[in-house]
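Here's a quick walk through some local geometry, from loops to helix packing to side-chain pairs. Have the viewer open as you read.

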Amino acid sequence: MNTKLTNLTRFNKGLLSVLLVTILLYLGKSFLVPITIATFFAMLLFPLVQKLQQYRLKKSVAALVAILCLLAVLVALGTLVYYQVSTLEADLPNIEQKIEEKTNRLQWLLYETTDLSHYEQEEIIKQKKPDIAKAIFKSVRDFMLQGLFVLLFVFIVLTYTFFFLVYQQHIQNFLVRLHLFDGTRESKVIVARISRIIHNYLKGILSVISILAVVYALGFWAIGIEHAILFAMLTALLRIIPYFGSFLGIAFPIAFAFLTKDSLWPPVLLLVFFMLTQLLEANLLTPYITGSRVKLNPLATIMIILLGNLLWGVAGMILFVPLFASLKVVFDRVPRLHPYGYVLGKEEAVKQG
């Protein structure tokens, strides 16, 4: 009886702890998201800082150089995206003309199937035009405000990243001195392993995204899709969201091809090309580049992504997977938490450990 009561008490405490952590994650979103992104950036850049220190640079100078390299990459990507969007904007009259032709065909189909005359359809469109104009104006205004917010957010993240790189050893010593695990040596091993897992995971993901961007660009260009580079970058970048991102990314070029092409063959070819690239990624790129760094089973991964979206939005969908991968390292090392590591991981990973 006492054993059952003890287990029930322990379960209630665990449930209460999970509830409190969830509430804190949700309420502290604006504070925790930039810190988490900066932590991942710092883990990604730390080997570069170590290499720069070999040239007798101070840690603060090496960290600043690493931050500038990261900023240069972000600026280059931003410039490329801006140029591609500008070319798309210059091509808008041609796109609008093609969409209008598609709309006329759709109106004719509606007339044939619903007996709704062309004049009645035009009246409905005229009534909705003010709402459409307001929506477009609101979208442009929101985009400008979001642009200012993004610049401020990037500045905050890079500032955090710089200080995390400078005080990396200090933070590591703090985590070790918490004595969350058995002994100082065990704590150092776990902290180092978590850092290595996240570093390798992020490096692998960026490598896969870069390769896919090139493959998508060549494939879209071969199929005859205008603005192939822009759509390739968008499709590849959305790959950072496991499972959902790839399918969401390919929806944009398929919709664009459907609206601007006279034949159905380009969208069909895009779908076939995407299925082939998915097979290539799943069987070649991800196993050999990313590997099994994040040992989470698919069911747990999907649930983690949905939980991340619920608590932190799109940022949570991206950040929660490596976060829970880090937690799994802790769960596997603490005997009382082994069941949680088991439910998150794969059978073969548990048997090996």
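Helices (H or I, at least four residues) and strands (E, at least two) are taken as DSSP runs and numbered from the N terminus. This is a predicted model, so local features need pLDDT of at least 70 and side-chain atom pairs count only at pLDDT 80 or more, while totals for chains, interfaces and linings use all residues. Residues are numbered from 1 along each chain as its sequence is written, and side-chain values use heavy atoms, with hydrogens and water left out.

**Loops with positive phi**

Most residues other than glycine have a negative phi. Arg-56 isn't a glycine, yet its phi is positive, at about 65°. You'll find Arg-56 in the loop between helix H2 (29–53) and helix H3 (59–90). His-227 also has a positive phi, near 55°, and sits in the loop between helix H7 (183–223) and helix H8 (228–237).

Are these two buried or exposed? Buried means under 20% relative accessible area, exposed over 50%, and partly exposed in between (1.4 Å probe, protein chains only). Arg-56 is exposed at 81%, whereas His-227 is buried at 14%.

**Helix packing**

Two packed helices are described by the angle between their axes and the distance between the axes. Axes here are lines fitted to C-alpha atoms, for helices over the stretch in contact, and angles run from 0 to 180 degrees between N-to-C directions. Angles under 35 degrees count as roughly parallel, over 145 as roughly antiparallel, 65 to 115 as roughly perpendicular, and the rest as oblique. A crossing is left-handed if the near helix is turned anticlockwise from the far one by less than a right angle, and right-handed if clockwise.

Take H11 (residues 298–312) and H12: their axes come within 7 Å and cross at roughly 135°. That makes H11 oblique to H12, and the crossing is right-handed. Contact means heavy atoms within 4.5 Å; residues meeting across this pair include Ile-304, Leu-307 and Leu-311 in H11 and Leu-319, Phe-320 and Leu-323 in H12.

For H3 and H8, the axes come within 9 Å and cross at roughly 130°, so these two are oblique to each other as well. H3 passes H8 in a left-handed crossing. On the H3 side the contact involves Leu-77, Leu-80, Val-81, Gln-84, Val-85 and Leu-88, and on the H8 side Ile-229, Leu-230 and Met-233.

**Aromatic pairs**

Rings of Phe, Tyr and Trp (its six-membered ring) pair if their centres lie within 6.5 Å; planes under 30 degrees apart are stacked, over 60 edge-to-face, and the rest tilted. By that rule there are eleven aromatic pairs. Two of them are tabulated here.

| Pair | Centre to centre | Plane angle | Class |
|---|---|---|---|
| Phe-163 and Tyr-167 | 6.4 Å | 20° | stacked |
| Phe-331 and Tyr-340 | 5.9 Å | 50° | tilted |

Phe-163 is partly exposed at 41%, and Tyr-167 is partly exposed at 45%. Ring pairs also bring in Phe-162, linking it with Phe-163 and Tyr-167 in a cluster.

**The salt bridge**

A salt bridge needs a side-chain nitrogen of Lys or Arg within 4 Å of a carboxyl oxygen of Asp or Glu. The structure holds one: Asp-332 with Lys-328, whose closest N and O atoms are 2.7 Å apart. Asp-332 is partly exposed at 35%, but Lys-328 is buried at 6%.
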